[in-house]
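Please look over the sequence and the structure shown here before reading the report.

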Amino acid sequence: MKRREFLKTSAIGTMAMSLPLSRWQLFAQVNELPQAVIVRNGEPESLVSAAMKALGGIERFVQRGDKVLLKPNMAWDRGPAYAANTNPEVVAAITRLCLNAGATEVKVLDRTCNEPRRCYRNSGINDAATAAGANVVQVRSNRYEDLELKGEVLDSWPIYKDYLEADKVINIPIAKHHGMAKVSLGLKNLMGVMGGRRGLIHVKFADKMADITQHIMPTLTVIDAYRMLMDNGPSGGDLDDVRMERAMIASPCTVSADVLGLELFGHAVSDIKQIDVAVKRGLALYDTTNLNVERIDLG
Amino acid sequence: MNFSMSMQNLRKLVQVAFFILFIYLFLVARYPYEIIMGSDFGLRLSPLIPLFTFIDTLSIPPLVIPGLIILILTPFLGRFFCSWICPLGTCLDATDKLINTPKNKLARSWDRWRYLKFANLIALIIMAVLSLNLWGYLDPLSIFNRMLTVILYPLATLFSENLLIALSSISFLETPAYYLYDLFKDNMMPEGQAYYQQVLLISVFSGGILAAEKLSRRFWCRYVCPAGALLGFLSQFRFYERLVGEECPACNLCISECKMDAIPQDDVSRTNKVECIECFNCGAACPPKTKAITYRWSWKPYHTELDLSRRQVLGGMLTGLGGLGLLSLGLPNRNHARHLIRPPGSLAESEFEDKCIRCLECVRICESNGGCLQPDAFHSSLTQLWLPAAQMRTGYCEYNCNLCAEVCPTDAIKPIALDEKQAWVMGTAYFREDLCIPFARDEDCIVCEEHCPTPEKAIKFETKDVELPHGEVRALKLPYLEPELCIGCGICEFKCPLDGEAGIFVTKPADPQEDATYYG
């Protein structure tokens, strides 16, 4: 609940009252900070630090004592070079930032498509994030909670409990091609905390996604575009389909991050139904047609 | 502690150690399979593997070495395998303690059935010579592994998983319960609970073997086991003998303690070498005051005759022939071809049936991967029972996994490299447009396309404007298959979100040579 209130009130929430003086200054600055940031020509670690710095530092999102959940994409039994999963170094770098900001726990999880242990291990995320101090945990079938949605097509859907209970959630998708959804970015990545028979979400996909995601928006979305999968997504498997983009997008608003992410693919918002519907149904925190974007080139 | 006491204790120690080794080898047969000793090593200790591999191939490949060592030691040591190593034997000994097995004196009416194990062996050899290998069904190590895979392990995970989840709902136990749960999941249990078809038949089969302990001790080993028969045959002239001293008052305690009832009632000084499994119970039973029993090497051993008449040999041979005939009279049914999807790397179907001992080790390791392998049922032949079969609605073949081949003890599944496996065609997918959501319900889906693992997806789609019944035109993504790219891994069938039957299914590619019986 903390997270959602925080988002809705954007900066000047009631929480601010309980914060130390230095925080007041930060919140005063928030309106001047960019709504989204795109960093280019960096390495995983430098992309993360540049993006976080531009957004006002990780301390803007993660406070001392927070339990943070990272949701990378590690759904596939593929190595990092195939760009089917989030870059492990990105997850490790964000883990370190969160711990330095005073997070008491950084949990990393994803509901996978291939056998879970294989995905965790071969994505490289298990080892990299564990070494960085994260608690990489397997998803357990008994830990889903039916979330009441009252949506347009869905009344409820099971969502992973740890995700709902975390103080802060950082959504770390990889930018990639997707046959059915055309692209897989921040919104699509949230399917990794959804329970039930996820295949059925594909039927009336855009509406169902909007119904669910409006209730589970993360604190922060960091799109890893260090490598991008340009075809045969989301599972990939052909190195020729991988493009070295060396970029990263970050925003407190998932929909805005996704809209910005479409630049990398050269798609218009109207081409990508799930993002288009999300914008039309007001799931974005900002005006996506007129985003205040900071563009950084590290090259 | 005197010598014979310690021999019994040594035997018990080794027996427990081997049992733990077998359980360990079973448990490590899971992803990631990074161990020093292959899980197939344990199964290769079976003394039947060298014999029947030789009959089948007229060669002695390296994989038979563990079993061969047992065979070579047997003429010297006797049937030590049965009480020192065989994990099924250990299970039977444990069952004895639970179900109050009858004393030897009371079980003697079964004794005329001792020939049965030899007849079994003869029948299996006759069938094998005529190229039907069914001995795997009766191989004790195979039986043990089958029991572990299909019954004991799933039961253990079911109970421990549910227990720990129940405990985790008690507030102060939540942390330790989840800790144990994660520990178990990471090191023992599969990510998902293991469920197997054929639970009933395999329970009846292996449960029957255990329950037979109610008839006599080591009933299976005395009367049925073909491995016991082979080892017994080899130990007729066993060099290691039991010696009974003059001081023996013939109290007959050793007779009643003998696991195999291998000490003749009329002559305590002799041992039935064919039946004795070297458990050393006799020496331990001998009262401390007398201690008449000792053991020693003898280079002029006496001979024990096999409990087998010419008529019974003939009977065994005829049973073998008859069995061969009957089992070959299955009704081939081409509709069942789709059930015959064997693991990647498998030999051609008829050869595979001969080599596979139905130990289900591949099924076991598959559980920690895609989980498609199941013990097969009867389809168009009785001999298909418990062969591994990929059933794509219960699991799928994981693209980056070739572990089933690595654990096969008889190389019925050839150990193939990962890149070879990834190109191995297990089957081919077919769409069922009467069920498939985009075709049958005019909605987007293509979950199959999403999961298709080949570098260039074998499932592709085209976007078409489809006019719905009430006039609306909808752009739909309609999937189609490129058969030459499909390897039949079945993830499409497994992930299809439809209830019941999937909108896409994998079937085995036709083998024109095996279809020779059909017109056409």
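## Model and confidence

This is a predicted model. For chain A the mean pLDDT is 91, and 90% of its residues reach 70 or more. Among the elements of chain A, strand β2 (residues 67-72) has the highest mean pLDDT, 98, whereas helix α2 (residues 21-30) has the lowest, 56.

Chain A contains eleven helices and twelve strands, and 55% of its 299 residues count as buried. When contacts in chain A between residues at least 6 apart in sequence are considered, 73% of them join residues at least 24 apart.

## The largest nonpolar core

The largest nonpolar core holds 222 residues, and the members that touch the most others are Ala51(A), Ile94(A) and Met248(A). Helix α7 (residues 115-129) of chain B gives the most to this core, contributing ten residues. In soluble globular proteins, nonpolar side chains tend to be buried together.

With its neighbours within four places in sequence left aside, Ala51(A) is in contact with Val37(A), Val39(A), Val222(A), Met248(A) and Ala250(A).

## Contact between chains A and B

The contact between the chains takes 24 residues from chain A and 29 residues from chain B. On the side of chain A that touches chain B, the largest share comes from helix α5 (residues 116-122) of chain A, with four residues. By class, this side of chain A has seven nonpolar, nine polar and eight charged residues.

Nine of the twelve residues of α10(A) are buried, so that the helix is mostly covered by the cut-off of 20 or more other C-beta atoms within 10 Å. Among the buried residues of α10(A) are Thr254(A), Val255(A), Asp258(A), Leu260(A) and Leu264(A). Just after α10(A), Gly266(A) takes a positive phi of about 75 degrees.

## Backbone exceptions

Most residues other than glycine have a negative phi, and most peptide bonds are trans. Against that background, Lys204(A), although not a glycine, has a positive phi of about 60 degrees, and its place is in the loop between α8 and α9 of chain A. Lys204(A) counts as partly exposed because it has 15 C-beta neighbours inside 10 Å, a number that lies between the cut-offs of 12 or fewer for exposed and 20 or more for buried. Ala250(B), which is likewise not a glycine, has a positive phi of about 55 degrees and is found in the loop between β1 (240-244) and α13 (253-257) of chain B. Ala250(B) is exposed, since 12 other C-beta atoms lie within 10 Å.

Cis peptide bonds are the other point to check. The bond from Gly233(A) to Pro234(A) is cis, with omega near 0 degrees, and Pro234(A) lies in the loop between β10 (220-229) and β11 (242-251) of chain A. In chain B, a cis peptide bond joins Tyr31(B) and Pro32(B), with omega about -10 degrees, and Pro32(B) is found in the loop between α1 (3-27) and α2 (40-43) of chain B.

Conventions: Residues numbered from 1 in each chain as written. Chains lettered and ligands numbered in written order. Predicted model: local features only at pLDDT ≥ 70, side-chain atom pairs only at ≥ 80, totals over all residues. Core = buried A, V, L, I, M, F, W, Y, C linked by C-beta atoms within 7 Å. Helix = DSSP H or I, 4+ residues; strand = E, 2+ residues; numbered from the N terminus. Contact = placed C-beta atoms within 7 Å. Nonpolar A, V, L, I, M, F, W, Y, C, P; charged D, E, K, R; others polar. pLDDT = per-residue confidence, 0-100.
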